[in-house]
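Here is a briefing on one structure. Look over the sequence and the model, then read the points by topic.

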Amino acid sequence: MHSRTVFFISDGTGITAETFGNAILAQFEFKPRHVRLPFVDSVDKAHQVVRHVNHIAEVEGRKPIVFTTLVNVEIMQVIEQGCKGMLLDMFGTFVAPLEVELGMKSNHRIGRFSDVSKSKEYHERIEAINFTLAHDDGQSTRDLERADVILVGVSRSGKTPTSLYLAMQHGLKAANYPLIPEDFERQQLPAALAPHRRKIFGLTIQPERLAEIRHERRPNSRYASLENCRAEVADAEAMMRRAGIRWLSTTTKSIEEIATTILQELRPERLEY
């Protein structure tokens, strides 16, 4: 049961407000109910939002938490004057003081994605996502020279979600390749990957956790057995050590942490903007 309702209100998609709010809420041990209210781009919609927030405040008997990224002053005034929630305005808190410090007015652009589809970075990100999908789980070894990073590891060690995160968040062309029993028998990386060793990063995982994940997919199979998981993980780690590949365990790490570590090791320039 949730202990508090949190609203994310924006005149755009609401992604910025939600990302900003979740980063703060992560510091607290509670599970709120999330309500994203995007495209609040008129006074009428602002009044509807106020009624919604105030209704929740009355029903729950406590103030909802309200994160906003509203640019329009008139719309924001409606929220400020009528809302009975705890209001946390990202622009008012951070943008206004920066205007003073920098001695310039902000663009006050509504929706951070309003013209992004025209940018070079956007098209590069789409290209990276397409490349990553085409090279997921060893589907293709073509064009690996175009890859920014190649992830290797046993099945279900986190390669696919990490690859997609690198593509979507950082615009990297990320291929991933599962290490299988045939690779372990040869005791070397697949031949197609050998020329690209400098781009390779390995993922491993604790066998106990791997067995849990695999049991969800194929219960009571040899694939999911702890004995098999221990053997595969040991063989994969031994192979990566022999090949001199950098690697990490994904057992207790989030996708964001895994991706950041990979960037630090392989593409540190991508951490600078």
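This is a predicted model: local features need pLDDT of at least 70, side-chain atom pairs count only at pLDDT 80 or more; totals for chains, interfaces and linings use all residues.

On a 1 Å grid over the protein atoms alone, a pocket is an open set of points with protein on both sides within 12 Å along at least five of seven lines, while a cavity is a set of points where a 1.4 Å probe fits but cannot get out; lining residues have an atom within 4 Å of a point. Grid points are joined across faces, edges and corners, and a volume is the space filled by probe spheres set on the points.

Residues are numbered from 1 along each chain as its sequence is written, and side-chain values use heavy atoms, with hydrogens and water left out.

**Second largest pocket**

- The lining has 20 residues, and R156, S157, G158, K159 and P161 are the closest to the pocket centre.
- Three helices, α6 (159–170), α8 (207–217) and α10 (255–266), each supply at least two lining residues.
- Helices here are DSSP runs (H or I, at least four residues), strands are runs of E (at least two), and both are numbered from the N terminus.
- By residue class, the lining of this pocket splits into 6 nonpolar, 7 polar and 7 charged.
- Ala, Val, Leu, Ile, Met, Phe, Trp, Tyr, Cys and Pro count as nonpolar, Asp, Glu, Lys and Arg as charged, and the others, Gly among them, as polar.

**Cavity**

- Rolling a probe the size of a water molecule over the atoms shows where empty space is left.
- The count comes to 1 cavity of 30 Å³ or more.
- The largest cavity has a volume of about 30 Å³.
- Its lining is made up of H135, S140, T141, L144, I150, A175, N176, Y177 and L193.
- Strand β6 gives the largest share of that lining, 3 residues.
- The cavity lining has 5 nonpolar residues, 4 polar and no charged.

**Sheet β6-β5-β7-β8**

- This open sheet has 4 strands in the order β6-β5-β7-β8, with parallel pairing.
- β6 (174–178) and β8 (246–249) are the edge strands, each with a single partner, so one side of each has no neighbour in the sheet.
- The twist averages 25° from one strand to the next.
- Axes are lines fitted to C-alpha atoms, for helices over the stretch in contact, and angles run from 0 to 180 degrees between N-to-C directions.
- Two strands pair if DSSP finds at least two bridges between them.
- β5 (residues 149–153) and β7 (residues 200–204) run parallel and are joined by 3 bridges.
- Across that pair, I150 stands opposite I200, and V152 stands opposite G202.
- On the other pairing of β7, 4 bridges join it to β8, again in parallel, with G202 opposite W247.
- 5 of the 5 residues of β7 are buried, so this strand is largely enclosed by the rest of the structure.
- Buried means under 20% relative accessible area, exposed over 50%, and partly exposed in between (1.4 Å probe, protein chains only).
- From β7, I200, G202 and T204 point one way, and F201 and L203 the other way.
- Helix α9 (residues 226–243) lies across β5, β7 and β8, at about 155° to β7.

**Sheet β2-β1-β3-β4**

- This open sheet of 4 strands has the order β2-β1-β3-β4, with parallel pairing.
- β2 (33–37) and β4 (86–89) stand at the edges with a single partner strand each, so one side of each lacks a neighbour in the sheet.
- On average, neighbouring strands are turned by 20° against each other, direction ignored.
- β1 (residues 5–10) pairs with β3 (residues 65–69) in the parallel sense over 5 bridges, and I9 has T68 as its bridge partner.
- β1 is also joined to β2 by 5 bridges, running parallel, with T5 opposite R33.
- β1 is mostly covered, with 6 of its 6 residues buried.

**Positive phi values**

- D143, in the loop between α5 (120–134) and β5, is not a glycine but has a positive phi near 60°.
- D143 is partly exposed, with a relative accessible area of 32%.
- Q187 also has a positive phi of about 60° without being a glycine.
- Q187 lies in the loop between α7 (181–186) and β7, and it is exposed at 53% relative accessibility.

Note on methods. Contact means heavy atoms within 4.5 Å.
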